[in-house]
Amino acid sequence: MRTVILKAGATLLTVAATALSALYVTSHLKNPAAPLQPTVLSASGATTLSAPGGTLTLGPSVQPSTVHPVTSTYAS
Amino acid sequence: MPRKTVEAHHFEALGTNCSLFAVGLPPGRLLEGEFWVRRMGARLTRFSPDSELSRFNASPGTWRDVSLELESLLRESLHAFEMSSGLVNVAVLRSLEAAGYTRPMAEGQPIATELRPCPLPRLPDVLAVRSGAARLEPGAGIDLGGIAKGWMADRLRDSLGSNALANLGGDLSACGVGPAGDGWAIGLGGATVLLRDQGAATSSVRRRRWSVEHHHLIDPRTGLPARTGLEEVSVVATTGVEAEVVAKTALLAGPDVAPAYCAAHTLAWWLSP
C-alpha cells in the first residue's frame, strides 16, 4: 500500500511539474532582459539613413558630418 | 575648437592609392610612412617571386622561418577565419589564379578563364603558425589581400602620432580627434562620417573585375568569384583589420545575414545590393 502511495505521489509531482513548466514557458516566450542576447538593431540605438544605392546604418559611436571628407573607403 | 592644419601625403603603392594624414607632424614622418608601406608591400606581395610571401607559398610541407610581421599577419588570418566562420580565408591564391588574376591590375586586365567550383580547404587545415615559423600544406597558397592592408593601416596609425589617419587602398585606420576636434571626416556609403580611434573598410565586387562573372572576391564555399546578392559593404569597426574582415564577411554572407552580422560586429555599416 505504501509503495503505491509513493508511486502515485511521484507521478502526481512529475505531472504537476511538467504542466507548470509548460505553462511558464508558453507564457514567457521571450525575455527582453535576458543576458547573452546578441546585439540587435532596435537595442543598439542605431540610425538608418537611406542613400542612393543602399542603406547606411550608424551606431551611436559614429556621427555623420556635413564637412568634405578628407578620404574615403572606396579606393579598392 | 579651432581647426588645425593637416599634413597630407598621397602615393601609389600596394597596387592602389594610399593616403596618410596627420595633425602636428612634420611631412617627413608621412614620407617615412610611405617608405614603410613600400617595404612591407614588397615583402607581402604574391606577384613577386622574391617576396617573403611568395617564398613561403613556394615551400609547402615544411616549417619555414617567417618574419615577425608575416607571423603576425598569418595569425591575424587564422583569427579572421574563425571570426568569419570560414568566410574570410586567405588560402585563396589557387582560386584567384584559376580565375585569371595572375598579375597586378596595373600590368593589364586579367584574362577571364573558365570557372570551375573548387571549395577552399579550411585555413587551419593548411596553415599552422608557431613562434617565428609557419607551415603551409602542399597545394595551398596564401594571398593576404585586404587583411594586409588593414593590418598595415593599423600599424601606421600607431606610428604617426596621436592624431592621424591612414588609408591604404580603402582600408582606413584613424586615431585622435582629427583636425577640428570632432573626428576624421571620411566618405562611407555615400555619406560622410567621423572616425575617432576607429577603422573603416569597403568590400566590393564592383572593382578589380575583369568580366561579368570574374572579380577578385572569392567565395571560399565554391572557390568562385562571389555572387551573394550584395555588391558592396562598407563598415566602421574598432580597427582597420577588423573592418576589413567584417566587411568581407558581410558581403560573402549575403543580404539576409549581413544586417544582423554588421549590427553585432560593427559600429556603422553600408549595404549595397
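How many residues does the contact take from chain B and from chain A? The contact takes 36 residues from chain B and 31 residues from chain A, where two residues are in contact if their C-beta atoms, placed from the backbone, lie within 7 Å. The structure is a predicted model, in which local features need pLDDT of at least 70 and side-chain atom pairs count only at pLDDT 80 or more, while totals for chains, interfaces and linings use all residues. Residues are numbered from 1 along each chain as its sequence is written, and chains are lettered from A and ligands numbered from 1 in the order in which they are written.

The pLDDT is the predictor's confidence in each residue, from 0 to 100. Chain B has an average pLDDT of 93, and 99% of the residues score at least 70. Within chain B, confidence is lowest in strand β12 (residues 224-225), with a mean of 88, and highest in strand β5 (residues 133-136), at 98. For the complex, the predictor gives an ipTM of 0.85 and a pTM of 0.84.

The helices and strands named here are DSSP runs, numbered from the N terminus: helices are H or I runs of at least four residues, and strands are E runs of at least two. Chain A has two helices and four strands, and along the sequence they follow the pattern α-α-β-β-β-β. Of the 76 residues in chain A, 11% are buried. A residue is buried if 20 or more other C-beta atoms lie within 10 Å of its own, exposed if 12 or fewer, and partly exposed in between, with C-beta atoms placed from the backbone.

We now return to the contact between the chains. It takes 36 residues from chain B and 31 residues from chain A. On the side of chain B that touches chain A, at least two residues each are supplied by several elements, among them β2 (16-23), α8 (258-265) and β14 (268-272). By class, this side of chain B has 21 nonpolar, 14 polar and one charged residues. Here Ala, Val, Leu, Ile, Met, Phe, Trp, Tyr, Cys and Pro count as nonpolar, Asp, Glu, Lys and Arg as charged, and the others, Gly among them, as polar.

Strands of a sheet pair through backbone hydrogen bonds, either parallel or antiparallel. Two strands are said to pair if DSSP finds at least two bridges between them. An open sheet of nine strands, with antiparallel pairing, has the order β1(A)-β2(A)-β14(B)-β13(B)-β10(B)-β7(B)-β6(B)-β2(B)-β1(B). Its edge strands are β1 (47-51) of chain A and β1 (6-13) of chain B, each of which pairs on one side only.

Several pairings within this sheet can be followed in turn. Strand β2 (residues 54-58) of chain A is joined to β14(B) by four bridges, and the two run antiparallel; Leu58(A) has Ala268(B) as its bridge partner in β14(B). Next, β14(B) and β13(B) pair in the antiparallel sense over five bridges, with Glu232(B) opposite Ser272(B) of β14(B). Six bridges then join β13(B) to β10(B), again running antiparallel, and Ala237(B) of β13(B) is the bridge partner of Gly199(B). Strand β7 (residues 171-175) of chain B is joined to β10(B) by two bridges, and Gly199(B) is also the bridge partner of Ser173(B).

Strand β13(B) is largely enclosed by the rest of the structure, because six of its six residues are buried. Glu232(B), Ser234(B) and Val236(B) point one way from this strand, whereas Val233(B), Val235(B) and Ala237(B) point the other way.

Four strands form an open sheet in the order β3(A)-β9(B)-β8(B)-β4(A), and its pairing is mixed. β3 (63-64) and β4 (71-72) of chain A stand at the edges with a single partner strand each, so one side of each is left without a neighbour in the sheet. β4(A) and β8(B) pair in the parallel sense over two bridges, and Thr71(A) has Ile186(B) as its bridge partner in β8(B).

Finally, chain B contains helix α7 (residues 240-253). As 14 of the 14 residues of α7(B) are buried, the helix is largely enclosed by the rest of the structure. After α7(B) comes Gly254(B), whose phi is positive, near 95°.

Technical notes: The expected span of a helix is 1.5 Å times one less than its number of residues.
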